[in-house]
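These are my notebook entries on the structure shown below. I record what I looked up, entry by entry.

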Amino acid sequence: MMEAKTEDTVLDVRNLQTVFFTNSGLFRAVDDVSFSVRRGETLAIVGESGCGKSVTALSVMRLVPDPPGRVVGGSVTLEGTDLLSLDEAEMRDIRGNRISMIFQEPMTSLNPVMRIGDQITEVLRLHQEMTAKEAWAKAVEMLRLVRIPEPQRRAHEYPHQLSGGMRQRAMIAMALACRPALLIADEPTTALDVTIQAQILALIVDLQKTLGTGLILITHDLGVVAQTAQRVIVMYAGKKVEEATVEDLFANPKHPYTRGLMASMPAVISFGAKTDARLNEIPGMVPSLTNLPPGCAFAPRCRLAIDRCRAEYPPLQEVDAHHLAACWRATELQGAP
Amino acid sequence: MTTINFDSELRRAGAHSTRGWRRLTFLAQRYLLGTVGLVIMVLFVWMAISADLIARYDPLSVDSAQRLAAPSAAHWMGTDSFGRDVWSRIVHGARISLAVGIGATALGSTLGVIVGLVSGYLSGWVDLLFQRITDILQALPLLVLALVMTAALGPSLPNVIIAIAIPLIPTVARVIRANTLALRELPFVEAAKSIGMSETRIALRHVLPNTLAPLIVLATAQLGSTILTEASLSFLGLGIPEPYPSWGRMLSESAAEYVRTAPWLVIFPGVAISLAVFGTNLFGDALRDILDPRQRG
Amino acid sequence: MNDQRPLLEVTDLVKHYAVRGGILRRRVGTVHAVDGVSFSVGKGETLGLVGESGCGKSTVARSVLRLVEPASGAIKLNGIDITGLSKAEMRPHRRSMQIVFQDPFASLNPRMTAGDIVGEPLGVHGIATGRAQQQRVAELFAQVGLRPDQMKNYPHQFSGGQRQRICIARALSLGPSLIVCDEPVSALDVSIQAQVINLLIDLQRKNHFSYLFIAHDLAVVAHISHRVAVMYLGRIVEIADKTELFANPRHPYTQALLASVPIADPKAKRLAPMVDGDVPSPINPPSGCAFHTRCRYAMDRCKVERPALVEAGEGHQVACWLNDGTGRPQENP
Amino acid sequence: MRSVHALAAAALLLLPAYDLASAGEPKQGGILRVYHRDSPGSASIHEGATYSINIPFMPVFNNLVIFDQHIAQNSQDTIRPELAESWAWSSDNKKLTFKLRQGVKWHDGKPFTSADVKCTFDMLMGKSQQKFRQNPRKSWYDQVSDVTVNGDYEASFELKRPQPALISLLASGYTPVYPCHVSPAEMRTKPIGTGPFKFVEFKANESIKLTKNPDYFKKGLPHLDGIEFTIIPNRSTAILGFVSGKFDMTFPTEVSIPLLKEVKSQAPNAVCVVEPINVSTNIIVNSSSPPFDNIDIRRALALALDRKAFVQILFEGQADIGGTMLPAPGGLWAMPKEMLESIPGYGPDINANREEARKLMQKAGYGPDKRLAVKVSTRNIPVYRDPAVILIDQIKSIYIDAELDVVDTAQWFPKVARKDYTLGLNLTGNAVDDPDQSFYENYSCGSERNYTNYCNKEIEKLFDQQSAETDVAKRKKLVWEIDKKLQEDVARPIIFHARQGSCWQPYVKGITIMVNSSYNGYRYEDVWMDK
Amino acid sequence: MFAYIVRRLALMLVTLFGISVIIFVLLRVVPGNIVDILFDAAGFVDPTDKANLEKELGLNLPIYQQYLNWIGGLLHGDLGYSYVSEKPALQEILPRIPITARLAALALLFSASIGIPLGVLSAVHQGSRLDYTLRVVSLSGLSLPSFWLGLLILMASVSMFGSMPIYNPNPKTWTEAFAIYAVPAMAVGFRSAALTMRITRSSMLEILRQDYIRTARAKGASEASVNYRHALKNAILPVITVIGIEAAFLIGGLIVTETVFNIPGVARFLVEALRWRDYPIVQNLVMLIAVVVVVANFTVDMLYAAIDPRIRYGD
C-alpha cells in the first residue's frame, strides 16, 4: 500500500529490483516492486510462472542464488531493520527466526536423511537457547500444532515415510517453530491434491490467526487467493501491475491482465454454463523477460491496448481507494470481468 | 549497496554472444579448461594423422652412432638406446595410443549400446541374461580382465583393442540401459507406441538418439582410461609388441634402465601419455558440463 | 448426449501391478491401480475422468490405448474388443485413438523437429510421405494455431503451450475418432491453459471426435466435459451428466472434492475441509468402500461391503451405501 | 692328454685359494643380500636350464668335481675334486672312476654314498624309476653307457667311446649330486644337498633364503651366516636398491652396460666386472622353406650383418664377435681373428659386404622395387627383442622388409619346433666352454635343440672326430674348421657373444666371476664380508 | 531386508559362477601352457616328457572335467597346487593377501581423507581459483599413469634421500613401514583420491541445488552447517559407491604399482602367474578378486541402506 508504515507493519518492501545475468541477457525478474505486510495480515502475490513472484520472496529472504541472480536495488525492511544492509551472519539470525518460508515441493524441501524431529529441532536450536531435549519436546509440540497425528512417533520418522500433505505440515511446523513475524508461503499447495490443499490452506490461515504472523502467500491460483488473502498483488513480467484488497480485486479488477486471468479461469460451478463453451483466453504468450517491449509488457496481449501502452510504461496509480493499477486505461474498467 | 556493473556481469554470463564466432569464443572462455583439452586432443590427433610428416626420422630406424643422445636440435627429445629418435617415436606412438583409445572406446561403446539397448528395451529373460553378463564383466577390474584377455588372445594391436573394449561394455550398457528404461516411460515414446510404431523403430529413432549425450560424455571419459590401460598393459609387457612405438612400452623395461642415465626416455613418453589423457579428461569434463544438464553449475 | 452406439465402451477394466519382494521376487502385494472400471464414451462426446493423484485415471487412459495391458475387462472401440488383439491387429485401430499427455516437455522427442514429430504418424501408417507429408503437416500446424514455418524448429524452441499444440497436431494427424487427453493443461499457466482448452473445444466442434479427458482439476473437467466420472482408488464412485453431477453430487467423495476447490470469489469463503487425512495407499486399499476411512458418513456396512455403481437418477450412477445405495443428496455447504 | 689323469689334492683344497683382492683373514658371519632377476620356476638345478636356478641353489649342493671357483677361465686344468676325492680315466679312456669322500652328510643328516651318485646320473640318463619332470641335459650323457658303484665310496662312468670332455660337464654348476632318498618333486620345492648352505625357504616372486650349513664337510666353511636373494624383476628398481645399499651384490652377470654406468656414478666404490657369459645371440634361419631355402639369400643375410653395430648399440662395444665358440680371451676354442674375418660377413668392410649381398639378392630376383617381406620371430623378452629390432633395421639395406613377430614364451619352442617361422632371433647359452656341448646340441642331426634342422653328415663326422680327440691342439684345429664351415653354411649365423656386468660392494670378498661360463661359479662357500 | 540380502547373495553366487567359467575357458584358450613354459628352460620340448607332465598336472583331462575338479576342490577349500612351486595354491596366495590388503586400505584411506574434504571445498567454492586448481590437480590425478608416477617417486626418492623403499616383510622401524606401504599406497591412491574428489564435488554441487538446501538456508543455518550437516551427508552416497568400486579397481592399479615398487602382493602375483600359465594360481586369484569386488559392491549397498533412510531393500 502506498500509505506510510504503521506500527503494525511487519515487512516493508520498497522499489525492490532483482536481476539475473544470463547468457541470453539481463533478466529483470523483479522490477521496482513495493509492498508491505501487516501483523496478522495475508498478502497474496499472484501471477503466472516467470512473473517474478517467487524471486520476490527469495529476495526478501536474501536467498536469490548468486550467480546468476542479484538484488540490485530497493529496500526490504523487516520490523524496522533493513535486511539488505545486514551482513550474512546477521541475516542468518533473521532467517527461520523472524521470517520463515515454506516451499512448493514438500517432497524435496525436507532433507531426506534427517529425521523430521531433528529438522525442526535444528531451527529451534539455531535461534533459541534450548537444550536438545527441550528442542525435541518443542518440535513434537509443533507437530501436534500442525495436526500431525501421533507427533511423538512421526518426529522419529524420515521425510519419505510421510505423505505429501504430512510433509507440508512438517514444513509449516518448522517454519513456525520460532514464531516468526512473517511467513512466506511459496505455492504451498500447488503440488498437493485438492482435498489436501483445502486442509493445508485451512491450517495455514488458522495458525496465522492464532500466532498473529504476517503471511505472504504466493500462488497462481486465483481461487486460493480469494479464499485466503486480505490483500492481493498481481505481478506480470517482473512488475507489480495491480494491488487491492481481495474484495476489491475480484469485484472490480482494474488491470486488463487481472481481468484476463479471471476470465480465462474455468469455473467449477457452471450450472448454467453451456457445455463446451469457449473460455475467454488471453492471446499470446508470457513474454520473455529479456526482450520486454518498451511500453507496457502486457500490451502485445491486451485487447484494450492503445498506442500509448506500446510506447510508455504506465505508472502505478491509485485508481480507487487503496486500489493501485498500472494501466493507462484502468479507470475505464469497471465491475467484474 | 555496491554499484554493479551490469555490462561486465552480463559479459561474464555470456549474454553478448549468443551465436556464431562470438558464441564460440565465449564458450572457449567459459570452458577454458575444456578448450585447452580440446586443443591438446586436436594436437594429438593431428600428430597421429600426419605422423609421417612431423616425425623427423623413421621411428624404427636404428642408428648406432646416435645412441642415447640427449635432447638437441637434431633430436628434440633425444634418442633411445637403439639410437631411434624419441620425438619421432612419440609422434608415431600417438597413432597407437589413439588407435587403441578410439578403437577400444568405439568397439566397447558400440557393443555396450547394443547390449544396453536390447537389455533395456526387451526386458524379460534377455535383460536378465544381459544383466548377469554385465555383472560378471564388472566383477573384474578393467586391467585384470584386459590382462587375462591379452594373455589369451596374444599381443597384437587388434587383440589389445578387443581386450580393452570388452571390459568397457558393462559400463556403457548400464548407462544405456538405465537411459532406455527411463526413456521408455517418457510420453514421447508412449506417443510413438500409440501411433503403432514398431518397437525396433522406436528404439532406434526415439530412444537411441536420446542416449547419445550421456554416451558421448561416457565415451570421452573412457577414451582417457583406455589410453591409460593400453599404456599399463604395454608397461607390463602384454600390450602392443615391439617395434611399434607404444608409449607404455617405451616406458617399460629398456627405458627403465635409463631412468638416471637418460631420463628423457622416461620423461617424454610419460608426459605424452599424461598429456593425451589429461587433454581428453579436460575435454570430457567440459563436454559433460555442457551435455549433462544435471552437472551444470 | 448421443443415443447411438458408444464409440468406446470399457467394461470391468482391471489393472494390477505386482509388488514383488522376498527371496524369489514373488508377488507380495498388489497395486490396485484400476479395479473394475466401466464407462462408455459416445461419438462426439467428452467424458471427463477426475480424481486425485493415484486414483488410477492415467492407468485407465493408458489401458484404453493399450499402452499398458489390462489384467482383465473389455475395451470396445466401435464395438470391436481390442483387448485381445495382437500388435499387428492393433495397428489399424491405433489410427482411431490418439493421446495427448500432461508434460509438454517430455511428450516431444527433443532430437526431432516439430514437423517430423507431427509427420511421423503419417509415415508410419503410410498415409503420406515426402512432400505430401510436408503439406499435411503444414495444414495440421495451421489447425492448431502454429505457423508452418515453425515446422523445422526443435521442441526446445517452443513454449509450453506451443508444445502442447504440437502434441495435439500429432494426435490429429491420423484423423482419430477418440483422443485421450491425460491432464493436457495441468502443466500450463492459467492464460495458456484457456487457449489450449479452447483449441480442444474448437477442434472437437470441427471434427466431431470424442475426448476422454482426464484431469485432477475439477474446473477444467467441468468446463470441457459432457459427462464426468469421479474416480477414487481405482474405482469410479460416481458418473453423471456434468450439470447433474455438479448440481447434485451424490457420493460423499464427490461432495468433498467439490467443496475443496477454492472458488475465485472472496465472498464465498469456505475453507472448512470436507475430508481429513490422505488418500490410502492403493497397495492395500481399505476393504469395503475404499473411501470409508475418510468419509464422515461411513457406516459399518461401508467397511465390509463394497458398494456397486448403481443408477441413482437418469444417467447418474453412484457407488455409495447411503440412502439404499443412491448416495447422499448434497447438503448446502 | 694323459691317458690317466689323477689328482689327489683334497687336503690342499681344504685351504681355499684367494685372489689378491680378498687377501686377509676372512671374517665370519653376516648375511649376503643379493637381488634376484626373476623368480625361478623351481629349486631343482637338474630340471632347469637357466642360471636363475643355478645362482641361488648352487650353494646348496656339491658336485663330484667342480671348476676352481677362483680361476675365472674354466678349463680341464682348473677342475677340482669336491665330493670325489680323486678321479681316474681307464687306459682306453672309456671309463672314469671317482673315489668318493667319506663322512659327508646330506642336510637332513643322511650319509652321502655312491648310491646317491648312481641315482643322480641314472635319473639324468632317464634310466631310473623316478623321473625328472624335465631333463634338459640328458644328451650330455649320450656317450655314457652305465654308472656303476663299487662299495659305498667309489663310482664309475662307463663310456661308449672316449669322451674327454665328460669331466668338464661333470664340473659344471649344472651337475650337482642329488640325494637318492629325496624325490625329484621335493627337490623342486625343498632341495636337500651336501653344500655349504642349507635351503630355508623359497617364496616365489619374493625371496630365496639359504642358511649356513654348520656341518659342512669343509671345516671352517662357509664364512657367511646365510644368503638372501630378494626377487626384483624390474632391473632399474633392482639397481636402485643396490646403489642405495640395500644389497651387497647384484645378481651376477645380469647388470647391463647402461645400468653399470649408473652404478658407477651412484656407487663409485662398488666393484664391478664385465665378463662374457658364453651366451651367443644368433639367427635361426628356416632353410626348409622359401625364401631361405635359397643359399644365396642365406648368404646375403649373413653378409648384411653389421655385427659391430649390434655390439655398439646393445653393449656400448663391450661384447665379442666370433663364431660358434666363445671368442678369446674368455673362450678357449675360438678360431684366430684372420680366420674369422675370412668368413663372409665377418669382413671389416660392411659396405662392400652389403653390396655383395645386394647382388646375391638381385640374383635371387629381388631388388629395390621388389623387396622381400619376411617376419622375424622372437620371444617377448628384451634380450631377444632388442637385437631383433636392430636386425630388422639392418636387413632393410638388402631389400628385405622384415616385421617383428613377438612370440609369447609359452609358444616359442612349439612354434620353432613346428618350423612356423622364417627368421628367428635366438639365444644359445653354453654351460661349459667345450665344443662337444655346443656342436652336438645345436648342430647335430636330430638334436632337439637343433632348431634349424641343419644336418650335414660330413660335419657330423668331424664332430665325433674332435670329441674323441685327446690332443688339445689337434682338437682345436678341428674345432676351428668345423666352426668356420658352420658359419659359411649360414646354418645359424652367430651375431655376437654377450657380456654382462656383476657388481658387489667393496666389503664383499671372495667373489670370482667366470669368463667363459655363467653357470659354474656360485658355490660361495668362501665368500665373506669385510665389515 | 533379509529377503533382499539372501537374493543379493544368490546373485553374487551366479556372478562368481559366471566368472569361474569365463576365466577357466579363457585360460584354456590361451595358446601354450605351463608345460611349454617349463620346457622352455630346457630349450626344447620333448613330446613324451610333455605328455607325462600334462598327465601329471591333469591337463590331459577334458576341460569340463578339469573345471569340475577345480570347482569341486574350491568348495572344499582346496585350491589345488601351484604348477610352478608345487605348493598348495592357498599357501601361495594367503600370505600375499595382507600385503595387498594393507596397500589397498591405506590407498583408500588416503583417497577418502584427501578426496572428500577437497571435493567439498571445491564444490563450495565453485568457480573460484581454488576450485579451478583443485579440478586441474584432480584431473591430472586421473591422467598420470600410476606406474610412471611410481617411477618418478622412486627417482625422486633416490636423488633426494639416496635411498628408496625396498619391500621388507618385517619392517623394523615406523619410517621403514611408512616407506614400504604408504609411498606405494599414495602412488596408487592419487588416482582414487582424484576420483573421490571429483565425485564428491559433482555430488555436492548437485545436492547444493536441492530444495532442502534452500530450506536449510531459509532456516538460518550457517554455510558450514548447510555444507556439512545437510549437504555432505546426502552427497556422500555416490562417493561411497565410487570408493566401493575403487576399492576393487585398486587391484588393477596395484598390479603396476606392486610391479614398480617390487611388492610381493596378490596383484603382481597375478601377472607373474599369468606369465607362467600357472592356472591354479590365476584361476583362484581371479576368483579372489571377483569375490572382493562383489563383496565390496554388496557392502556399498548395505552402507547405502545404513546412511540413506529412504533405502530399505526388498519389500
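I call a residue buried if 20 or more other C-beta atoms, placed from the backbone, lie within 10 Å of its own, exposed if 12 or fewer, and partly exposed in between. Helices are DSSP runs (H or I, at least four residues), numbered from the N terminus.

The model is predicted: local features need pLDDT of at least 70, side-chain atom pairs count only at pLDDT 80 or more, and totals for chains, interfaces and linings use all residues. Residues are numbered from 1 along each chain as its sequence is written, and chains are lettered from A and ligands numbered from 1 in the order in which they are written.

Entry 1, helix α4 of chain A. I found A:A135, A:W136, A:A139, A:V140, A:M142 and A:L143 to be the buried residues of α4(A). They line one face of the helix, because they fall within an arc of 155° seen down its axis (directions taken from the helix axis to the C-beta atoms). These residues pack against α3 (116–127), α5 (151–155) and α6 (164–176) of chain A. Just after α4(A), I noted a positive phi of about 65° at A:R147.

Entry 2, B:S119. I located B:S119 in helix α5 (residues 86–122) of chain B. B:S119 counts as buried because it has 24 C-beta neighbours inside 10 Å. Beyond four places in sequence, its contacts (C-beta atoms, placed from the backbone, within 7 Å) are B:V126, B:D127, B:F130, B:Q131, B:A173 and B:R177.

I found 37 residues of chain B in contact with 41 residues of chain E. On the chain B side, α13(B) gives the largest share, nine residues.
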